[in-house]
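I opened a notebook for this structure. The entries below follow the order in which I looked things up.

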Amino acid sequence: MVTPTDVGQLVRELAPQVLVAVVRRHGGFDASEDAVQEALLAAAMQWPAEGVPDNPKGWLITTASRRRIEMWRSESARRRREENVFALTPAPSDPAPAVDDSLTLLLLCCHPALTPPSQVALTLRAVGGLTTGEIARAFLVPESTVAQRISRAKQRIKAAGAEFRMPPPAEQPERIAAVLHVLYLIFNEGYTASSGAELNRVDLTAEAIRLTRRLRAMLPADGEVAGLLALMLLTDARRAARTAPDGSLVPLPEQDRREWDAAAIAEGTALISETLASAPIGPYQLQAAIAAVHDEAARAEDTDWPQILALYNHLQVLAPGPMVTLNRVVAVSEVRGPLAALEQLTAAAADPALAGHHRLHAVRAHLLEAAGDRDAAAVEFRLAARGTLSAPEQRYLEAQAARLAH
(Lines give C-alpha, C1' and ligand atoms only; values in the text may rest on other atoms or scores of the structure.)
Protein backbone atom coordinates (compact mmCIF):
# COMPACT_ATOMS: atom_id res chain seq x y z
CA MET A 1 0.00 0.00 0.00
CA VAL A 2 1.31 3.42 -0.93
CA THR A 3 1.99 5.74 2.00
CA PRO A 4 1.38 9.50 2.20
CA THR A 5 5.17 9.96 2.32
CA ASP A 6 5.58 8.00 -0.94
CA VAL A 7 2.85 10.09 -2.56
CA GLY A 8 4.45 13.30 -1.29
CA GLN A 9 7.80 12.41 -2.82
CA LEU A 10 6.20 11.43 -6.12
CA VAL A 11 4.10 14.58 -6.53
CA ARG A 12 7.10 16.76 -5.65
CA GLU A 13 9.12 15.08 -8.39
CA LEU A 14 6.30 15.50 -10.90
CA ALA A 15 5.22 19.02 -9.89
CA PRO A 16 7.52 21.04 -12.19
CA GLN A 17 6.86 18.71 -15.14
CA VAL A 18 3.12 19.07 -14.68
CA LEU A 19 3.34 22.85 -14.34
CA VAL A 20 5.43 23.09 -17.49
CA ALA A 21 2.86 21.02 -19.41
CA VAL A 22 -0.11 23.09 -18.18
CA VAL A 23 1.60 26.42 -18.89
CA ARG A 24 2.65 25.21 -22.35
CA ARG A 25 -0.88 24.06 -23.09
CA HIS A 26 -2.96 26.85 -21.56
CA GLY A 27 -0.66 29.82 -20.89
CA GLY A 28 -0.93 32.06 -17.85
CA PHE A 29 1.75 31.05 -15.35
CA ASP A 30 -0.08 32.45 -12.31
CA ALA A 31 -3.40 30.69 -12.92
CA SER A 32 -1.69 27.51 -14.12
CA GLU A 33 0.40 27.34 -10.95
CA ASP A 34 -2.74 27.63 -8.82
CA ALA A 35 -4.41 24.87 -10.84
CA VAL A 36 -1.40 22.57 -10.47
CA GLN A 37 -1.32 23.14 -6.71
CA GLU A 38 -4.94 22.05 -6.48
CA ALA A 39 -4.13 18.93 -8.51
CA LEU A 40 -1.20 18.11 -6.22
CA LEU A 41 -3.40 18.50 -3.15
CA ALA A 42 -6.05 16.24 -4.73
CA ALA A 43 -3.40 13.60 -5.39
CA ALA A 44 -2.08 13.84 -1.83
CA MET A 45 -5.60 13.21 -0.53
CA GLN A 46 -6.76 10.53 -2.99
CA TRP A 47 -3.75 8.42 -3.90
CA PRO A 48 -2.90 7.03 -0.44
CA ALA A 49 -6.46 5.64 -0.20
CA GLU A 50 -7.20 4.79 -3.85
CA GLY A 51 -3.74 3.96 -5.12
CA VAL A 52 -1.43 5.75 -7.54
CA PRO A 53 -2.76 5.86 -11.13
CA ASP A 54 -0.90 3.98 -13.84
CA ASN A 55 0.09 7.33 -15.35
CA PRO A 56 0.43 9.71 -12.36
CA LYS A 57 1.88 12.53 -14.44
CA GLY A 58 -1.00 12.30 -16.93
CA TRP A 59 -3.52 12.24 -14.07
CA LEU A 60 -2.04 15.40 -12.58
CA ILE A 61 -1.92 17.20 -15.94
CA THR A 62 -5.54 16.27 -16.68
CA THR A 63 -6.73 17.30 -13.23
CA ALA A 64 -4.82 20.60 -13.34
CA SER A 65 -6.06 21.32 -16.88
CA ARG A 66 -9.67 20.77 -15.82
CA ARG A 67 -9.21 23.17 -12.93
CA ARG A 68 -7.55 25.67 -15.26
CA ILE A 69 -10.56 25.54 -17.58
CA GLU A 70 -12.91 26.03 -14.60
CA MET A 71 -10.95 29.17 -13.76
CA TRP A 72 -11.50 30.46 -17.28
CA ARG A 73 -15.23 29.88 -16.98
CA SER A 74 -15.36 32.08 -13.89
CA GLU A 75 -13.68 35.00 -15.65
CA SER A 76 -15.36 37.74 -17.66
CA ALA A 77 -16.90 36.93 -21.04
CA ARG A 78 -14.23 38.88 -22.86
CA ARG A 79 -11.40 37.06 -21.14
CA ARG A 80 -13.18 33.75 -21.66
CA ARG A 81 -13.57 34.29 -25.40
CA GLU A 82 -9.99 35.42 -25.82
CA GLU A 83 -8.41 32.68 -23.76
CA ASN A 84 -10.67 29.88 -25.00
CA VAL A 85 -9.37 30.56 -28.50
CA PHE A 86 -5.86 30.03 -27.14
CA ALA A 87 -6.97 27.01 -25.14
CA LEU A 88 -8.35 25.30 -28.24
CA THR A 89 -5.17 25.89 -30.19
CA PRO A 90 -3.37 22.54 -30.63
CA ALA A 91 -0.17 22.12 -28.66
CA PRO A 92 3.02 22.55 -30.70
CA SER A 93 3.85 19.37 -32.60
CA ASP A 94 7.52 19.72 -31.68
CA PRO A 95 7.62 21.03 -28.12
CA ALA A 96 10.85 22.24 -26.57
CA PRO A 97 12.84 19.54 -24.75
CA ALA A 98 11.71 18.93 -21.18
CA VAL A 99 15.13 19.87 -19.84
CA ASP A 100 14.78 23.33 -21.39
CA ASP A 101 11.27 23.69 -19.95
CA SER A 102 12.48 22.80 -16.47
CA LEU A 103 15.26 25.37 -16.65
CA THR A 104 12.81 27.95 -18.01
CA LEU A 105 10.56 27.33 -15.02
CA LEU A 106 13.45 27.81 -12.57
CA LEU A 107 14.51 31.03 -14.28
CA LEU A 108 10.96 32.36 -14.20
CA CYS A 109 10.62 31.65 -10.46
CA CYS A 110 13.86 33.56 -9.86
CA HIS A 111 12.90 36.50 -12.08
CA PRO A 112 14.85 39.69 -11.23
CA ALA A 113 11.60 41.58 -10.58
CA LEU A 114 11.09 39.46 -7.43
CA THR A 115 12.54 39.92 -3.97
CA PRO A 116 14.75 37.07 -2.65
CA PRO A 117 12.08 35.86 -0.16
CA SER A 118 9.54 35.74 -2.98
CA GLN A 119 11.98 33.92 -5.27
CA VAL A 120 12.60 31.33 -2.56
CA ALA A 121 8.89 30.79 -1.83
CA LEU A 122 7.88 30.54 -5.49
CA THR A 123 10.77 28.20 -6.33
CA LEU A 124 9.93 25.85 -3.47
CA ARG A 125 6.27 25.75 -4.47
CA ALA A 126 6.40 25.73 -8.27
CA VAL A 127 9.63 23.77 -8.78
CA GLY A 128 9.96 21.94 -5.47
CA GLY A 129 6.31 20.94 -5.26
CA LEU A 130 6.01 21.98 -1.59
CA THR A 131 2.68 23.24 -0.34
CA THR A 132 2.33 26.71 1.12
CA GLY A 133 1.97 25.15 4.55
CA GLU A 134 5.15 23.10 4.18
CA ILE A 135 7.13 26.19 3.17
CA ALA A 136 5.68 28.17 6.08
CA ARG A 137 6.62 25.45 8.58
CA ALA A 138 10.12 25.18 7.14
CA PHE A 139 10.76 28.91 7.57
CA LEU A 140 8.77 29.26 10.82
CA VAL A 141 6.52 31.97 9.39
CA PRO A 142 2.70 32.12 9.16
CA GLU A 143 1.18 30.35 6.18
CA SER A 144 -0.52 33.61 5.22
CA THR A 145 2.90 35.27 4.90
CA VAL A 146 4.11 32.64 2.43
CA ALA A 147 0.82 32.81 0.52
CA GLN A 148 1.20 36.59 0.20
CA ARG A 149 4.78 36.23 -1.04
CA ILE A 150 3.75 33.73 -3.69
CA SER A 151 0.75 35.82 -4.75
CA ARG A 152 2.84 38.99 -5.02
CA ALA A 153 5.55 37.10 -6.89
CA LYS A 154 3.12 35.92 -9.55
CA GLN A 155 1.61 39.40 -9.81
CA ARG A 156 5.07 40.91 -10.31
CA ILE A 157 5.97 38.35 -12.95
CA LYS A 158 2.78 39.21 -14.80
CA ALA A 159 3.32 42.97 -14.41
CA ALA A 160 6.90 42.63 -15.68
CA GLY A 161 5.59 41.01 -18.84
CA ALA A 162 7.71 37.93 -18.25
CA GLU A 163 6.85 35.02 -20.51
CA PHE A 164 7.39 31.30 -20.17
CA ARG A 165 10.42 31.08 -22.41
CA MET A 166 14.17 31.13 -22.08
CA PRO A 167 15.65 34.61 -21.71
CA PRO A 168 17.98 35.83 -24.47
CA PRO A 169 21.47 34.27 -24.36
CA ALA A 170 23.03 37.53 -23.17
CA GLU A 171 20.79 37.50 -20.04
CA GLN A 172 21.13 33.82 -19.19
CA PRO A 173 24.36 33.90 -17.11
CA GLU A 174 22.92 36.57 -14.79
CA ARG A 175 19.59 34.74 -14.53
CA ILE A 176 21.26 31.40 -13.77
CA ALA A 177 23.35 33.14 -11.11
CA ALA A 178 20.08 34.29 -9.51
CA VAL A 179 18.82 30.69 -9.45
CA LEU A 180 22.05 29.55 -7.77
CA HIS A 181 21.69 32.30 -5.17
CA VAL A 182 18.13 31.23 -4.35
CA LEU A 183 19.17 27.57 -3.97
CA TYR A 184 22.08 28.71 -1.78
CA LEU A 185 19.70 30.73 0.43
CA ILE A 186 17.40 27.72 0.82
CA PHE A 187 20.31 25.46 1.78
CA ASN A 188 21.82 27.93 4.25
CA GLU A 189 18.52 28.49 6.03
CA GLY A 190 18.18 24.73 6.39
CA TYR A 191 21.74 24.10 7.52
CA THR A 192 21.91 26.88 10.10
CA ALA A 193 18.39 28.06 10.80
CA SER A 194 18.38 31.81 11.44
CA SER A 195 15.74 31.47 14.15
CA GLY A 196 13.86 28.91 16.18
CA ALA A 197 14.59 25.97 18.47
CA GLU A 198 16.34 23.71 15.93
CA LEU A 199 19.82 24.19 14.52
CA ASN A 200 19.00 22.35 11.27
CA ARG A 201 15.91 22.14 9.09
CA VAL A 202 16.62 18.97 7.17
CA ASP A 203 13.64 19.38 4.84
CA LEU A 204 15.15 22.59 3.45
CA THR A 205 18.70 21.27 3.01
CA ALA A 206 17.38 18.12 1.35
CA GLU A 207 15.18 20.15 -1.00
CA ALA A 208 18.05 22.49 -1.90
CA ILE A 209 20.29 19.53 -2.73
CA ARG A 210 17.52 17.85 -4.75
CA LEU A 211 16.84 20.98 -6.81
CA THR A 212 20.56 21.63 -7.34
CA ARG A 213 21.03 18.06 -8.57
CA ARG A 214 18.21 18.70 -11.03
CA LEU A 215 19.87 21.93 -12.18
CA ARG A 216 23.19 20.09 -12.54
CA ALA A 217 21.47 17.59 -14.86
CA MET A 218 20.20 20.51 -16.96
CA LEU A 219 23.55 22.34 -17.05
CA PRO A 220 26.27 19.65 -16.74
CA ALA A 221 29.00 21.91 -18.11
CA ASP A 222 28.36 24.83 -15.74
CA GLY A 223 31.19 24.94 -13.20
CA GLU A 224 29.32 27.04 -10.66
CA VAL A 225 26.31 24.71 -10.66
CA ALA A 226 28.68 21.83 -9.96
CA GLY A 227 30.48 23.93 -7.36
CA LEU A 228 27.25 24.72 -5.52
CA LEU A 229 26.19 21.07 -5.48
CA ALA A 230 29.62 20.05 -4.18
CA LEU A 231 29.48 22.76 -1.51
CA MET A 232 26.08 21.54 -0.32
CA LEU A 233 27.17 17.90 -0.20
CA LEU A 234 30.44 18.63 1.62
CA THR A 235 28.72 20.89 4.14
CA ASP A 236 25.65 18.75 4.77
CA ALA A 237 27.94 15.74 5.30
CA ARG A 238 28.76 17.13 8.77
CA ARG A 239 25.15 17.61 9.85
CA ALA A 240 24.88 14.57 12.13
CA ALA A 241 27.91 15.70 14.15
CA ARG A 242 26.83 19.34 14.53
CA THR A 243 24.38 18.72 17.36
CA ALA A 244 24.76 16.91 20.67
CA PRO A 245 22.03 14.52 21.89
CA ASP A 246 20.41 17.42 23.76
CA GLY A 247 20.25 19.49 20.56
CA SER A 248 23.08 21.84 21.48
CA LEU A 249 25.58 23.09 18.92
CA VAL A 250 28.89 21.25 18.47
CA PRO A 251 31.49 23.49 16.74
CA LEU A 252 33.56 22.07 13.89
CA PRO A 253 36.80 21.46 15.87
CA GLU A 254 34.93 19.43 18.49
CA GLN A 255 32.83 17.29 16.16
CA ASP A 256 33.16 13.49 16.07
CA ARG A 257 34.27 13.12 12.48
CA ARG A 258 33.28 9.46 12.47
CA GLU A 259 29.70 10.73 12.28
CA TRP A 260 30.34 12.60 9.04
CA ASP A 261 28.74 11.18 5.89
CA ALA A 262 31.67 9.58 4.05
CA ALA A 263 29.65 8.95 0.88
CA ALA A 264 28.58 12.60 0.60
CA ILE A 265 32.17 13.73 1.21
CA ALA A 266 33.47 11.39 -1.48
CA GLU A 267 30.86 12.58 -3.99
CA GLY A 268 31.41 16.25 -3.20
CA THR A 269 35.21 15.96 -3.31
CA ALA A 270 35.17 14.13 -6.64
CA LEU A 271 32.75 16.69 -8.08
CA ILE A 272 34.76 19.74 -7.04
CA SER A 273 38.06 18.16 -8.09
CA GLU A 274 36.69 17.47 -11.56
CA THR A 275 35.10 20.91 -11.85
CA LEU A 276 38.15 22.91 -10.76
CA ALA A 277 40.18 21.14 -13.42
CA SER A 278 37.72 21.74 -16.25
CA ALA A 279 35.70 24.95 -15.72
CA PRO A 280 36.39 28.63 -15.06
CA ILE A 281 36.73 29.14 -11.29
CA GLY A 282 33.83 30.80 -9.48
CA PRO A 283 32.82 31.61 -5.90
CA TYR A 284 30.82 28.45 -5.25
CA GLN A 285 33.70 26.31 -6.45
CA LEU A 286 36.12 28.07 -4.10
CA GLN A 287 33.73 27.63 -1.17
CA ALA A 288 33.38 23.95 -2.06
CA ALA A 289 37.16 23.60 -2.19
CA ILE A 290 37.39 25.10 1.31
CA ALA A 291 34.73 22.68 2.57
CA ALA A 292 36.64 19.78 0.98
CA VAL A 293 39.85 20.73 2.81
CA HIS A 294 37.95 20.70 6.11
CA ASP A 295 36.28 17.38 5.33
CA GLU A 296 39.50 15.67 4.26
CA ALA A 297 41.14 16.28 7.66
CA ALA A 298 40.86 13.17 9.86
CA ARG A 299 41.29 15.37 12.97
CA ALA A 300 40.77 19.09 13.51
CA GLU A 301 44.50 19.55 14.10
CA ASP A 302 45.21 17.98 10.69
CA THR A 303 43.34 20.77 8.84
CA ASP A 304 45.45 22.43 6.14
CA TRP A 305 44.82 26.01 7.25
CA PRO A 306 47.41 27.60 4.93
CA GLN A 307 45.54 26.13 1.97
CA ILE A 308 42.22 27.35 3.37
CA LEU A 309 43.65 30.85 3.84
CA ALA A 310 44.94 30.84 0.26
CA LEU A 311 41.49 29.85 -1.00
CA TYR A 312 39.86 32.61 1.06
CA ASN A 313 42.34 35.09 -0.41
CA HIS A 314 41.12 34.09 -3.89
CA LEU A 315 37.49 34.21 -2.79
CA GLN A 316 37.88 37.67 -1.29
CA VAL A 317 39.13 38.96 -4.64
CA LEU A 318 36.53 37.10 -6.71
CA ALA A 319 33.46 37.62 -4.52
CA PRO A 320 34.15 39.88 -1.53
CA GLY A 321 31.55 40.02 1.21
CA PRO A 322 31.20 40.38 4.98
CA MET A 323 30.98 36.63 5.72
CA VAL A 324 33.95 35.91 3.46
CA THR A 325 35.93 38.53 5.39
CA LEU A 326 34.90 37.02 8.72
CA ASN A 327 35.76 33.47 7.72
CA ARG A 328 39.09 34.61 6.32
CA VAL A 329 39.92 36.22 9.69
CA VAL A 330 39.41 32.81 11.33
CA ALA A 331 41.86 31.28 8.84
CA VAL A 332 44.36 34.08 9.55
CA SER A 333 44.16 33.21 13.24
CA GLU A 334 45.00 29.58 12.56
CA VAL A 335 47.95 30.47 10.31
CA ARG A 336 49.37 33.68 11.85
CA GLY A 337 47.92 33.69 15.36
CA PRO A 338 45.04 35.42 17.16
CA LEU A 339 46.69 38.84 17.51
CA ALA A 340 47.13 39.20 13.75
CA ALA A 341 43.55 38.07 13.28
CA LEU A 342 42.22 40.53 15.87
CA GLU A 343 43.93 43.37 14.05
CA GLN A 344 42.21 42.38 10.82
CA LEU A 345 38.90 41.90 12.61
CA THR A 346 39.05 45.47 13.92
CA ALA A 347 39.40 46.72 10.36
CA ALA A 348 36.58 44.43 9.16
CA ALA A 349 34.23 45.70 11.88
CA ALA A 350 34.09 49.05 10.08
CA ASP A 351 31.91 47.38 7.44
CA PRO A 352 28.28 48.36 8.24
CA ALA A 353 27.15 44.88 7.21
CA LEU A 354 29.27 43.35 9.98
CA ALA A 355 29.00 46.01 12.70
CA GLY A 356 26.97 44.54 15.54
CA HIS A 357 26.46 41.18 13.80
CA HIS A 358 26.43 38.33 16.29
CA ARG A 359 28.98 36.35 14.24
CA LEU A 360 31.44 39.25 14.53
CA HIS A 361 31.17 39.11 18.32
CA ALA A 362 31.48 35.32 18.31
CA VAL A 363 34.68 35.38 16.22
CA ARG A 364 36.14 38.15 18.36
CA ALA A 365 35.33 36.12 21.48
CA HIS A 366 37.19 33.06 20.17
CA LEU A 367 40.19 35.19 19.17
CA LEU A 368 40.32 36.99 22.52
CA GLU A 369 40.21 33.67 24.36
CA ALA A 370 43.01 32.30 22.16
CA ALA A 371 45.01 35.46 22.97
CA GLY A 372 44.51 34.91 26.70
CA ASP A 373 41.95 37.63 27.47
CA ARG A 374 39.21 35.51 29.05
CA ASP A 375 37.21 38.38 30.56
CA ALA A 376 36.93 40.29 27.28
CA ALA A 377 36.10 37.04 25.49
CA ALA A 378 33.23 36.35 27.92
CA VAL A 379 31.78 39.80 27.21
CA GLU A 380 31.88 39.15 23.46
CA PHE A 381 30.26 35.73 23.84
CA ARG A 382 27.39 37.35 25.75
CA LEU A 383 26.98 40.01 23.05
CA ALA A 384 26.93 37.30 20.39
CA ALA A 385 24.30 35.33 22.35
CA ARG A 386 22.05 38.37 22.54
CA GLY A 387 22.34 38.95 18.81
CA THR A 388 21.27 35.56 17.46
CA LEU A 389 17.68 34.34 17.07
CA SER A 390 18.79 30.70 16.89
CA ALA A 391 18.15 28.98 20.23
CA PRO A 392 20.94 26.36 19.84
CA GLU A 393 23.47 29.04 18.93
CA GLN A 394 22.32 31.17 21.84
CA ARG A 395 22.72 28.30 24.31
CA TYR A 396 26.20 27.50 23.00
CA LEU A 397 27.39 31.11 23.19
CA GLU A 398 25.97 31.61 26.69
CA ALA A 399 27.67 28.38 27.81
CA GLN A 400 31.00 29.67 26.50
CA ALA A 401 30.57 32.94 28.39
CA ALA A 402 29.71 31.04 31.59
CA ARG A 403 32.72 28.76 31.17
CA LEU A 404 35.08 31.74 30.95
CA ALA A 405 33.47 33.46 33.92
CA HIS A 406 34.58 30.71 36.30
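I began with the term nonpolar core: a set of buried Ala, Val, Leu, Ile, Met, Phe, Trp, Tyr and Cys residues joined through side-chain atoms within 4.5 Å. Buried means under 20% relative accessible area, exposed means over 50%, and partly exposed is in between (1.4 Å probe, protein chains only).

I noted the ground rules next. The model is predicted, with local features needing pLDDT of at least 70 and side-chain atom pairs counting only at pLDDT 80 or more, while totals for chains, interfaces and linings use all residues. Residues are numbered from 1 along each chain as its sequence is written, and side-chain values use heavy atoms, with hydrogens and water left out.

Entry: cores. I looked up the largest nonpolar core and found 76 residues, of which F29, L60, L105, L122 and L215 touch the most other members. Domain 1 (4-74) and domain 2 (101-318) both contribute residues, so this core lies between them. Domain bounds come from an automatic or database domain assignment. Another core, of 37 residues, lies apart from it and includes Y312, A362, A385 and Y396. I kept one general remark: in soluble globular proteins, nonpolar side chains tend to be buried together.

Entry: F29. I listed its contacts (heavy atoms within 4.5 Å). Not counting residues up to four places away in sequence, F29 touches L19, V23, L105, L108, C109, L122, A126, K154 and I157.

Entry: domains. I found the chain divided into domain 1 (4-74), domain 2 (101-318) and domain 3 (321-405). The C-alpha centres of domain 1 and domain 2 are 27 Å apart. Their contact takes 15 residues from domain 1 and 20 residues from domain 2. About 1,600 Å² is buried between domain 1 and domain 2, and carbon and sulfur atoms give 57% of that area. Buried area here is the accessible area (1.4 Å probe) that two parts lose on being put together, summed over both.

Entry: T63. I placed T63 in helix α3 (residues 56-73). Helices (H or I, at least four residues) and strands (E, at least two) are DSSP runs, numbered from the N terminus. T63 counts as partly exposed because its relative accessibility is 23%. Its side chain reaches the backbone oxygen of W59 at 2.8 Å. T63 and V18 are 45 residues apart in sequence, and 10 Å apart in space, C-alpha to C-alpha.

Entry: S118. I found S118 in helix α6 (residues 116-127). S118 counts as buried because its relative accessibility is 9%. Leaving aside neighbours within four places in sequence, S118 is in contact with R149 and A153.

Entry: D295. Helix α13 (residues 283-296) holds D295. D295 counts as buried, at 7% relative accessibility. Beyond neighbours within four places in sequence, D295 is in contact with L234, A237, R238, W260 and I265.

Entry: S333. I placed S333 in helix α15 (residues 322-336). At 15% relative accessibility, S333 counts as buried. S333 touches P338, A341 and L367, not counting residues up to four places away in sequence.

Entry: annotation. In an unreviewed entry, UniProt gives "domain: RNA polymerase sigma factor 70 region 4 type" for residues 106-157. UniProt positions are given in the numbering used here, feature names are shortened, and annotations may be inferred rather than shown by experiment. I found residues 106-157 to be 75% helix and 0% strand, with end C-alpha atoms 13 Å apart.

How values were computed:
A polar contact is a pair of N or O atoms within 3.5 Å; within protein, one must be able to donate a hydrogen and the other to accept it, and residues adjacent in sequence count only if both atoms are side-chain atoms.
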